[in-house]
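The topics follow the structure below.

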Amino acid sequence: YDKYIYIYYIPTTMFTLTSWVSFMLPPTCYPARTTLLVTVFLCQIGVFNAVIRDTPNKDGGLTALESWCLACIAFVFQALISYVIILAKLGCSKDKRGSKAEAEEIKMNNYL
């Protein structure tokens, strides 16, 4: 069983923890956060495919290792969705600030 710990459990844990590092990056650092999260997500999918291919499964259900990999994928996907929500909120706040600035500019132009 040591093989599974070193080949699957430890790397998937490290990938998941690495995806959480993206929360420390500034939200406006688009390329870094997106690249990190998408790369980790794709690596997790690759590991999950290897787990399905390489682990013995007698009854056709999910093994503990497959469940672990799915949980890690879910955590990485959650980090990706959280970043999308952050970007959406930043976009909305910029729109509100932009429309307020435009309204004040129109007022100033009307006075002139």
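The side chains of glutamine 44 and threonine 16 form a polar contact at 2.9 Å; such a contact is a pair of N or O atoms within 3.5 Å, where, within protein, one must be able to donate a hydrogen and the other to accept it, and residues adjacent in sequence count only if both atoms are side-chain atoms. The model is predicted, with pLDDT of at least 70 needed for local features and pLDDT 80 or more for side-chain atom pairs, while totals for chains, interfaces and linings use all residues. Residues are numbered from 1 along each chain as its sequence is written, and side-chain values use heavy atoms, with hydrogens and water left out.

**Glutamine 44**
- Helix H2, residues 30–54, contains glutamine 44; helices are DSSP runs (H or I, at least four residues) numbered from the N terminus.
- Glutamine 44 is buried at 1% relative accessibility (buried is under 20% relative accessible area, exposed over 50%, partly exposed in between, with a 1.4 Å probe and protein chains only).
- A polar atom of the glutamine 44 side chain lies 3.3 Å from the backbone oxygen of threonine 12.
- Leaving out residues up to four places away in sequence, glutamine 44 touches Thr12, Phe15, Thr16, Cys72, Ile73 and Val76; contact means heavy atoms within 4.5 Å.

**Serine 19**
- Serine 19 belongs to helix H1 and is buried, its relative accessible area being 0%.
- Leu37, Val40, Val76 and Ala79 are touched by serine 19, not counting residues up to four places away in sequence.

**Salt bridge**
- The count is one salt bridge, defined as a side-chain nitrogen of Lys or Arg within 4 Å of a carboxyl oxygen of Asp or Glu.
- Arginine 53 and aspartate 54 meet through their side chains in a salt bridge, with an N to O distance of 3.4 Å.
- Arginine 53 is exposed at 61% relative accessible area, whereas aspartate 54 is partly exposed at 37%.

**Largest pocket**
- The largest pocket holds about 220 Å³ of space; on a 1 Å grid over the protein atoms alone, a pocket is an open set of points with protein on both sides within 12 Å along at least five of seven lines, and lining residues have an atom within 4 Å of a point.
- Helix H1 (2–20) and helix H3 (64–111) are the elements that give two or more residues to the lining of the largest pocket.
- Tyr1, Tyr4, Tyr9, Thr55, Pro56, Thr63, Ala64 and Leu65 line the largest pocket.
- By class, this lining has six nonpolar, two polar and no charged residues.

Methods. On a 1 Å grid over the protein atoms alone, a cavity is a set of points where a 1.4 Å probe fits but cannot get out, and a pocket is an open set with protein on both sides within 12 Å along at least five of seven lines; lining residues have an atom within 4 Å of a point. Grid points are joined across faces, edges and corners, and a volume is the space filled by probe spheres set on the points. Ala, Val, Leu, Ile, Met, Phe, Trp, Tyr, Cys and Pro count as nonpolar, Asp, Glu, Lys and Arg as charged, and the others, Gly among them, as polar.
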